[in-house]
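User: I have a new model to go through. Where do we start?

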Amino acid sequence: MRELHELSPPIQSALFQEVMLAGQAIVNAFSPWKMNYACYGNSEPHIHWHLFPRYESDPDHQGIPWLHASEFKHHLITPQTAQNLGQKVRENLLLLITR
């Protein structure tokens, strides 16, 4: 599928619940000021989501996260840091689904 409206209503609901669960896990793990959710799929036509934890310290924190996309490459993290962050989110997901 490439469009949300092409999904059956039960799949739409299940997908939305999963996105909200992931968002809550990110909030629990990192305590952002705000969460941004985006579903595009323009360059790669399929359904996928971008979840952006936002912080008041972000440049233009009230604007869209893509405003500074050209600077993302200056904030790369190591594979180990990525693994640690992913583990933190997984731990929080597990806490949410087992309560």
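Analyst: With a definition: a crossing of two helices is left-handed if the near helix is turned anticlockwise from the far one by less than a right angle, and right-handed if clockwise.

User: OK, which is it for H1 and H2 here?

Analyst: H1 and H2 cross in the right-handed sense. This is a predicted model, where local features need pLDDT of at least 70 and side-chain atom pairs 80 or more, while totals for chains, interfaces and linings use all residues. Residues are numbered from 1 along each chain, and side-chain values use heavy atoms, without hydrogens or water.

User: At what angle do H1 and H2 pack?

Analyst: Helix H1, residues 9-30, meets helix H2, residues 79-97, at about 115°, with the axes 8 Å apart (lines fitted to C-alpha atoms over the stretch in contact; angles run from 0 to 180 degrees between N-to-C directions).

User: Which residues make the contact?

Analyst: H1 contributes residues including Leu-21, Ala-25 and Phe-30, and H2 contributes residues including Leu-85, Lys-88 and Ile-97 (contact is heavy atoms within 4.5 Å). By class, the H1 and H2 contact has 11 nonpolar, 3 polar and 1 charged residues (Ala, Val, Leu, Ile, Met, Phe, Trp, Tyr, Cys and Pro are nonpolar; Asp, Glu, Lys and Arg charged; the others polar).

User: Back up a bit. How many helices and strands are in the chain?

Analyst: The protein chain has 2 helices and 2 strands, in the order α-β-β-α from the N terminus (DSSP runs, at least four residues of H or I for a helix and at least two of E for a strand). Its C-alpha trace spans about 40 × 35 × 25 Å along the principal axes.

User: New topic: how much space is in the largest pocket?

Analyst: The largest pocket holds about 690 Å³ (the space filled by probe spheres set on the grid points, joined across faces, edges and corners). A pocket is an open set of points on a 1 Å grid where a 1.4 Å probe fits, with protein on both sides within 12 Å along at least five of seven lines; lining residues have an atom within 4 Å of a point.

User: What lines it?

Analyst: There are 18 lining residues, and Pro-53, Tyr-55, Asp-58, Phe-72 and His-75 are the closest to the centre of the largest pocket. The lining divides into 12 nonpolar, 2 polar and 4 charged residues. Strand S2 (50-54) and H2 each supply at least two of the lining residues, and S2 gives the most, with 3.
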